[in-house]
Amino acid sequence: MISAFRNTPAVLLALFVLLCLLAPVLPLPNPVAVSVAERFAGPSFAHPLGQDEYGRDLLSRLVWALRSAMFIAFSSAFLASVVGTALGVIGGYVRGLTEIFTMRGMDVILCFPPLLLAMLAVTLYGPGPLTLIPVLGLVFVPSFTRVAHASVLTVRSQEYVEAARGMGMGAGRIMLHTILPNIVGPLIVQFSFVMAMTVVLESGLSFLGLGVLPPAPSLGLMIGAGRATLAQAPMLLVWPCVVLTLLILVLNAFCDRLRDHFDPRSVSGGN
């Protein structure tokens, strides 16, 4: 029973991912199709969760909003992980001026609060997923850089790295084939954590009108619209809040499970 409970975050996350992947083929109404005559309609067989202020199917919009949030979060985290890991590994292995410029550059980015930095960039370049992904990726590059840098400093003096140098392997091959595979655990944990943070930032920006543009579904947009129609249809606010909260909780719980799995101090076995 304990083992099944521990695997629950992974199972729920897999269900979220599967739902996002199958969204285009699921028998759901068009999430942007408007039916003014059915605005604020309650649950029915055709619309299990009812319809919003424009008569759009709420369940369909929640599924597509979840798909949008997961896509933006994964793309941003992937971009941040590639750039941040490369900078951290190079700075930690080469040391010297390379390390100074790399880490001090990350410190400059960390001086700005993530939400304010994202708001500034989106305001300058315009809202939309094509802006959100690189902006949110930039916000979280320092976190990957610092994790990769600290991990490289731990393993760079290990015997297998010294053996690779003694065999005449170049610095690039050592970093890519020897060091990187041995620091991937903390980076995977950081990836799941960044995805959760990206979902929060994307929803906040969309709530402020600086993220996903309407009529495209977004959890932040749906929460903002539900807040404006709370008196007429409170469930329009409740459902996107439930989905957003559950998604963040699942991502955080999955991050905790990954951390426990990769932590060398964790107790193995049946405990």
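## Core and helix packing

Ile-179 touches Tyr-93, Val-152, Val-155, Val-161 and Ile-174, leaving aside residues up to four places away in sequence; contact means heavy atoms within 4.5 Å. The model is predicted: local features need pLDDT of at least 70 and side-chain atom pairs pLDDT 80 or more, while totals for chains, interfaces and linings use all residues. Residues are numbered from 1 along each chain as its sequence is written, and side-chain values use heavy atoms, without hydrogens and water.

Ile-179 and Leu-247 touch the most other members of the largest nonpolar core, which has 62 residues. Such a core is a set of buried Ala, Val, Leu, Ile, Met, Phe, Trp, Tyr and Cys residues joined through side-chain atoms within 4.5 Å. Buried means under 20% relative accessible area, exposed over 50%, and partly exposed in between (1.4 Å probe, protein chains only).

Helices are DSSP runs (H or I, at least four residues), numbered from the N terminus.

| Helix | Residues |
|---|---|
| H3 | 58–94 |
| H9 | 184–207 |
| H10 | 219–228 |
| H11 | 235–262 |

The axes of H3 and H9 come within 8 Å and cross at roughly 135°; axes are lines fitted to C-alpha atoms, for helices over the stretch in contact, with angles from 0 to 180 degrees between N-to-C directions.

In H10, the buried residues are Leu-219, Gly-220, Leu-221, Met-222, Ile-223 and Gly-226. They pack against H3, H9 and H11.

Phe-45 lies in the loop between H2 (8–22) and H3. Phe-45 is exposed, with a relative accessible area of 86%.

Conventions. Helices (H or I, at least four residues) and strands (E, at least two) are DSSP runs, numbered from the N terminus.
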